[in-house]
Amino acid sequence: MDLAVEVDQAVVLLDRFPALAQLDLTLPVGSVSLIQGPNGAGKTTLLRLLAGLATLDSGSARVLGFDVATQRRQVRASVGMLSPDAMLYEDLSIDENLSFWAALGGHGTDAVGAALERVAMTGAADQPVRSLSTGQRRRAALAAVAVRRPRLWLLDEPHAGLDQAGRTIVDDLIGDAIRAGATVIVASHELDRVRPLATHVLTVAGGVVHRSEVREGGSAHA
Amino acid sequence: MREVWAVARKDLRIEWRSKVVASQVLPFAVIVLVLFGLALDADRSTLRSFTPGLFWVTVLFVAILTIQRSVSIETASSAFEALRLSGAAGWKIFAGKALAVAAQLLAIEAVMLLGVVVLYRSSFEDPVLVVTAALAATVAIATAGSLYGVLAVGMGVRDTILPMLLLPILAPVLVAATRAFDDGLSTAAVNGWAWCSLLACFALLYAIIGGVAYAVVLEDA
């Protein structure tokens with residue numbers, strides 16, 4: 001079984017506070033993992049570690065075979081992260097934003113059209129980001145992740161701020177990613193929404209994985 | 001090179017839309033030139049002889065604002081994190097950012113040159129030298145500025161510290177550019193091309209150091 005994520009005794013300190021405290025985690029390629037836990041449990045820090053954005057203070061972590069401490073660029077190039085911030089340029093249109101991220105990732109403009117279509121934003125492609133509603137921004141941010149065609153999707157509260165149609169789009173995107181051979185990790189408080197999709201459910205609290213459950217019938221088994 | 005152009009084009013497009021540099025930084029440059037003129041107007045020959053120095057001090061002020069704007073484009077909406085996640089080589093992002101800053105500075109300098117002709121009655125004795133020196137100095141300022149801009153972000157310090165970090169590094173560029181303009185505007189008898197060569201060396205040095213250091217900052221930040 002190929003592993004997408006291997007975390008061993010990971011410690012990440014944020015201002016000397018252990019956001020991750022000797023966390024262990026192993027996830028196979030092609031899995032959909034739900035990370036649940038209370039606020040401040042370390043869910044976002046874990047996603048940031050796996051994206052190569054948080055510094056490992058001790059322990060080790062490998063993402064898709066790359067060491068997050070020594071091969072950050074390869075890790076970052078392989079993952080797509082949806083964070084609470086849109087990570088989009090306000091003065092550019094959605095299309096211009098996606099084209100920019102596609103160009104940086106070495107993808108063609110065909111990826112832009114496909115991503116826009118996937119989040120049902122083709123009609124709003126020329127709208128500047130600053131004119132979008134919260135839900136539209138979320139969709140555009142999702143498209144910006146999709147356009148990079150990541151091998152590991154890290155989604156932080158992906159359903160937040162979305163209407164019913166938008167939530168379905170998120171679920172469909174997760175399904176598409178799995179069918180394309182990617183791995184998806186979702187940090188969410190919307191357990192009823194994500195749980196049916198998940199093959200792994202991880203409960204994080206105090207910077208460690210308290211409970212790990214492997215489920216049958218998630219997206220990876222669909 | 002596709003990534004370099006993509007970053008530069010993106011920054012210039014954002015400026016075209018927001019017009020922050022055009023509507024705020026450019027008027028600031030003109031105001032500073034006018035204020036220098038008012039302060040030294042008692043003696044027009046003094047003003048003319050000080051023109052190269054006044055011009056480049058103003059360019060440095062303008063450069064700080066332009067670089068802060070270039071940095072704020074990335075820090076807003078966490079786009080800087082997205083850049084780090086893009087997987088693009090750090091030097092390419094650096095080159096694109098510096099290219100956009102240089103293009104904006106050159107446009108402002110063109111207006112400022114017109115300003116010193118009108119306000120200070122300066123004349124170009126060697127236009128080729130003036131343009132070449134301006135190009136080399138601008139590249140040096142843009143590359144050093146783009147590096148220090150991202151350093152300020154990486155260090156988590158406020159952008160108000162940027163002038164303190166950047167101005168000492170750019171002091172040699174200020175001196176060399178002023179001397180080159182002294183020759184180009186015939187305000188002093190110096191070998192402007194020798195100073196211009198020095199400017200080119202600074203530009204090359206800052207570009208190389210910037211490219212390497214930016215990648216390190218982008219990766220480690």
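Chain A holds 7 helices and 10 strands; helices (H or I, at least four residues) and strands (E, at least two) are DSSP runs, numbered from the N terminus. This is a predicted model, in which local features need pLDDT of at least 70, side-chain atom pairs count only at pLDDT 80 or more, and totals for chains, interfaces and linings use all residues. Residues are numbered from 1 along each chain as its sequence is written, while chains are lettered from A and ligands numbered from 1 in the order in which they are written.

**Overall build of chain A**

- The C-alpha trace of chain A spans about 45 × 35 × 30 Å along its principal axes.
- Chain A has a radius of gyration of 17 Å, which agrees with the value near 17 Å for a compact globule of 222 residues. The radius is taken over C-alpha atoms, and the globule rule is 2.2 Å times the number of residues to the power 0.38.
- Of the 222 residues of chain A, 52% count as buried. A residue is buried if 20 or more other C-beta atoms lie within 10 Å of its own, exposed if 12 or fewer, and partly exposed in between; C-beta atoms are placed from the backbone.

**The sheet of 6 strands**

- An open sheet runs in the order E6-E7-E8-E3-E9-E10 (chain A), with mixed pairing. Two strands pair if DSSP finds at least two bridges between them.
- E6 and strand E10 (208–214) of chain A are the edge strands, and each pairs on one side only.
- Neighbouring strands of this sheet are turned by 15° against each other on average, direction ignored. Axes are lines fitted to C-alpha atoms, for helices over the stretch in contact, and angles run from 0 to 180 degrees between N-to-C directions.
- Strand E3 (residues 32–36) and strand E9 (residues 200–205) of chain A pair in the parallel sense over 4 bridges. Gln36(A) has Thr203(A) in E9(A) as its bridge partner.

- Strand E7 (residues 152–156) of chain A is largely enclosed by the rest of the structure, because 5 of its 5 residues are buried.
- Leu152(A), Leu154(A) and Asp156(A) point one way from E7(A), and Trp153(A) and Leu155(A) the other way.
- Strand E6 (residues 79–82) of chain A pairs with E7(A) in the parallel sense over 4 bridges. Here Met81(A) stands opposite Leu154(A).
- E7(A) also runs parallel to strand E8 (residues 183–187) of chain A, joined by 5 bridges. In E8(A), Ile185(A) is the bridge partner of Leu154(A).

**Helix H1 of chain A**

- In helix H1 (residues 43–50) of chain A, 7 of the 8 residues are buried. Among them are Lys43(A), Arg48(A) and Leu50(A).

- A second open sheet has the order E2-E1-E4-E5 (chain A), with antiparallel pairing.
- Strand E2 (17–28) and strand E5 (66–67) of chain A stand at the edges with a single partner strand each, so one side of each is left without a neighbour in the sheet.
- Strand E1 (residues 3–14) of chain A runs antiparallel to E2(A), and 9 bridges join them. Leu14(A) stands opposite Phe17(A) in E2(A).

**Where the chains meet**

- In all, 21 residues of chain B are in contact with 23 residues of chain A. Contact means that the C-beta atoms of two residues, placed from the backbone, lie within 7 Å.
- H1(B) gives the most to the side of chain B that touches chain A, with 8 residues.
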